[in-house]
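Here are some notes to read alongside the structure. Take them one at a time, and keep the 3D view open as you go.

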Amino acid sequence: MLESRVIMTRTLIVDTISKVGDKVILKGWVNTRRDHGQIVFIDLRDRTGLIQVVAKPELVEDLHSEDVIYVTGTVAKRPEKLINPKLPTGTVEVQAEKVELISKSAELPFDMGSPTLNLELPTLLDHRSLTLRHPTVQTIFQVQAQLVENFRQAARAIGCLEIFPPTISASATEGGADVLPVDYFGHSAFLIQSPQLYKQMLVGVFERVFIITHVYRAEPSVTTRHLVESIQMDCEIGFVDSFSDLLDAMETVFSRTIENTQNQFDVQRSLVTNKVPRLTMREAQKIILDRTGIDHTSEPDLMPEDEREICAWARETHKSDLVTITHFPTSKRAFYSLPDPRNTEYCLSYDLLYKGLEISSGAQRIHDPDQLKRTIIDRGLDPANFAMYLQAFEYGMPPHGGFSFGLERTTMKLLDLANIREASLFPRDMERVDFRFSSHEPPQ
Ligand code: ATP
Ligand code: MG
């Protein structure tokens, strides 16, 4: 006769709140341990959150942070005065009856128990597999995943199809110097700086497309807003009737992405409105001159301090954390940007700024094949390097344009992080791939 046994299934920590009085098995990591004589408090962590486990010392012996354990116990209501309002499970605790050690953790190199992880950035990144486990750090990437999800929804809502173009390219997208070469079976190829050329080609197929992809830029300087490998979220839209259609699309997609994400997480709310203020680059420079006395009105681009100042203006005068800047000099933008027919010195380009930083760039594109080829030649580039791209224009291409958001920059600004590296799981910059090169140089 078969022995009948009740096998208890795992309860997720978030579900304990509705299981007062029940016996449960929890599985997770020891987040922190506090010893109070004949009683030990363990904050147990799983993918859904934290819960307080109460245990006798003999049950938990020398358990410490990051040990993986299974806890069998009973969910109990906490007395009123012991409720922890900071934890979603703060009204309950689990009284442990059995604790199994599944995987022992090494001693931690620093304390992970504080609500915020106060480490210097290099330490945070040198121990990334560990520091990512801290609940506050985890939240950054839960928010990031939701930003991607909400971008996807917003891009689909305007009729875009998701496409997956390659990240190895035969040509450097914009002919720039900051491109990472690949030794491709003895031929030269490059990691894409942007999916730009492919998304335009695909407008010739699907009219409206969107992409979430890794991009690579050999950024030659170390800043708080540049990574070498980053994730870009792009839309490209065919059959645009006017420049303002493109601005509407960019602002709508971004506002919805931010709005929906901040409705899903307890984050400091950004001021996103349906009416994003719009200025030409020259108008923005004039406002900056009037506000600060600093004259950048002859500069061909906004400087980082200009981006901060014009965002301060947008917040003060329009109660908006977003501002759109249009009409950058044609010579400063990529070759495929369409010069403004009214004044070809400037092109139909735009940047979206968010809380003091460029978060997105875009433009209406040249769609006439002859004009495109001429522009490539005028820029000193070789049309032969763009053969597949140019092919798409030979066979009928509608007026089109699009935009690209940086995912890490969006995450960084939404959460008010000080450095973009905090918004990348394993950030790559000129000094680091996993570890800093200086600390891992091979012996000479
Ligand atoms: P910047 O002028 O700030 O260096 P860019 O104009 O060179 O940026 P774009 O080519 O417009 O960048 O790229 C589109 C978006 O991708 C940017 O608006 C930004 O959000 C993001 N982005 C660009 N470069 C990087 C980078 N090196 N690391 C992280 N994100 C980036
Ligand atoms: Mg840009």
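Predicted model: local features only at pLDDT ≥ 70, side-chain atom pairs only at ≥ 80, totals over all residues.

1. Let us start with ligand 1. Which residues come nearest to it? There are 14 residues around ligand 1, and the nearest are E219, H226, L227, E358 and S361. If you sort the shell by residue type, you get three nonpolar, six polar and five charged residues.

2. Next, see which strands supply that shell. Strand 17 (357-364) and strand 18 (400-406) each give at least two residues to the shell around ligand 1. Strand 17 gives the most, with four residues.

3. Now zoom in on the polar contacts of ligand 1. A polar atom in the side chain of E219 is 2.9 Å from a nitrogen atom of the ligand. The backbone takes part as well: a polar backbone atom of I359 lies 2.9 Å from an oxygen atom of ligand 1, and a backbone N or O atom of S360 is 3.3 Å from an oxygen atom of the ligand. How much of ligand 1 does the protein cover? On its own the ligand has 590 Å² of accessible area, and the protein covers 81% of that.

4. The magnesium ion is ligand 2, and its protein donors are E358 (through OE) and S361 (through OG). These donors lie 2.1 to 2.3 Å from the ion. Is E358 buried, exposed or partly exposed? Its relative accessible area is 22%, so E358 counts as partly exposed.

5. Strand 7 pairs with strand 9 (residues 187-191) over two bridges, in the antiparallel sense. To find this pairing on screen, look for I168, which stands opposite L191 in strand 9.

6. Stay in this region for F185, in the loop between strand 8 and strand 9. Its phi is near 50 degrees, a positive value in a residue that is not glycine. That deserves a second look, because most residues other than glycine have a negative phi. F185 has 72% relative accessibility, so this residue counts as exposed.

7. D416 is another residue with a positive phi, of about 55 degrees, although it is not a glycine. You will find D416 in the loop between helix 11 (407-414) and strand 19 (432-433). With a relative accessible area of 48%, D416 is partly exposed.

8. With strand 4 (residues 68-77), strand 5 runs antiparallel, and 10 bridges join the two. One pair to look for is V68, whose bridge partner in strand 5 is S103.

9. Between strand 4 and strand 5 there is a loop that holds T89. Is T89 buried or exposed? Its relative accessibility is 2%, so T89 counts as buried. A polar atom of the T89 side chain lies 2.6 Å from the backbone oxygen of L50.

10. S18 sits in the segment before strand 1 (23-36). At 64% relative accessibility, S18 counts as exposed. Its side chain reaches the backbone oxygen of D15 at 3.1 Å. S18 and S65 are 47 residues apart along the chain, and 27 Å separates their C-alpha atoms.

11. Finish with a hairpin. Strand 14 (residues 339-340) and strand 15 (residues 343-347) pair in the antiparallel sense over two bridges. How many residues lie between the two strands of this hairpin? There are two residues between strand 14 and strand 15. In this pairing, P339 stands opposite C347 in strand 15.

Definitions and conventions. Residues numbered from 1 in each chain as written. Chains lettered and ligands numbered in written order. Heavy atoms only, no water. Pairing = 2+ DSSP bridges. Donors = N, O, S within 2.8 Å, 3.2 Å for Na, K, Ca; no water. Buried < 20%, exposed > 50% of the residue type's maximum accessible area, 1.4 Å probe, protein only. Near = heavy atom within 4 Å. Polar contact = N/O pair within 3.5 Å; in protein donor to acceptor, adjacent residues only side chain to side chain. Areas by Shrake-Rupley, 256 points an atom, 1.4 Å probe, with all protein chains shown as cover. Nonpolar A, V, L, I, M, F, W, Y, C, P; charged D, E, K, R; others polar.
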